[in-house]
Amino acid sequence: MLSARRRLLGLLVLLAIASGVLAERRLAAWWVVLPPSVMLLGYLGLLREAAKADAERRHAGRSQAMPDPAARRGASPVAASASAAAAPAAGAAADVPEVTERRAQVIDISASWEQDDDQLYDQDADAKRRAVGD
């Protein structure tokens, strides 16, 4: 995910620079610089919000994973790291709702085949027998 964000950011920066060079050398009009610049600024705003959301998610994960201070002082570092690693997985499993078994409804369409007045469309019929535009 992070590499995709970097790749798109690099592409937008390259596009903005290329359009600026074209406009500076008078190979394109000045307004050619506006769309890549707007796209770059919009993407930077989007990245800022994504960084905030990632930071909030990390902070929420750490606060759920940390035991109370009294237990943390008495526990060994290995046990503390193991419990910190297991807590987000347990919290994620607790948030998942139970899956109930669903059954598909079977519809019997064999009765429709017995009707003689209903003609089915035949896509392989001769061109003379098909309607115009088929």
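Mentor: Start with pLDDT: that is the predictor's confidence in each residue, from 0 to 100. You need it here, since this is a predicted model.

Trainee: OK. Where is confidence lowest, and where is it highest?
Mentor: Helix α4, residues 77-95, is lowest, with a mean of 54. Helix α1 is highest, at 94.

Trainee: And what does the protein chain average?
Mentor: The average pLDDT is 76. Of the residues, 57% score at least 70.

Trainee: New topic. How many helices and strands are there?
Mentor: Five helices and zero strands. From the N terminus, the order reads α-α-α-α-α.

Trainee: How much of the chain counts as buried?
Mentor: 9% of the 134 residues.

Trainee: Which residues make up the largest nonpolar core?
Mentor: Five of them: Leu-12, Ala-16, Leu-40, Tyr-43 and Leu-47. Helices α1 (2-24) and α2 (34-65) each supply at least two.

Trainee: Which helix gives the most to this core?
Mentor: α2 does, with three residues.

Trainee: Let's zoom in on Leu-40. What does Leu-40 touch, leaving out residues up to four places away in sequence?
Mentor: Leu-9, Leu-12, Val-13 and Ala-16. Leu-12 and Ala-16 are also in that core list.

Trainee: Now contacts across the chain. Take those with a separation of 6 or more: what share comes from residues 24 or more positions apart?
Mentor: 44%.

Trainee: Last one. What about the accessible surface?
Mentor: It comes to about 12000 Å² for the protein chain. Carbon and sulfur atoms account for 60% of that surface.

How values were computed:
Residues are numbered from 1 along each chain as its sequence is written. This is a predicted model: local features need pLDDT of at least 70, side-chain atom pairs count only at pLDDT 80 or more; totals for chains, interfaces and linings use all residues. Side-chain values use heavy atoms; hydrogens and water are left out. A nonpolar core is a set of buried Ala, Val, Leu, Ile, Met, Phe, Trp, Tyr and Cys residues joined through side-chain atoms within 4.5 Å. Buried means under 20% relative accessible area, exposed over 50%, partly exposed in between (1.4 Å probe, protein chains only). Helices (H or I, at least four residues) and strands (E, at least two) are DSSP runs, numbered from the N terminus. Contact means heavy atoms within 4.5 Å. Accessible areas come from the Shrake-Rupley method with a 1.4 Å probe; for residues, only the protein chains shown count as cover.
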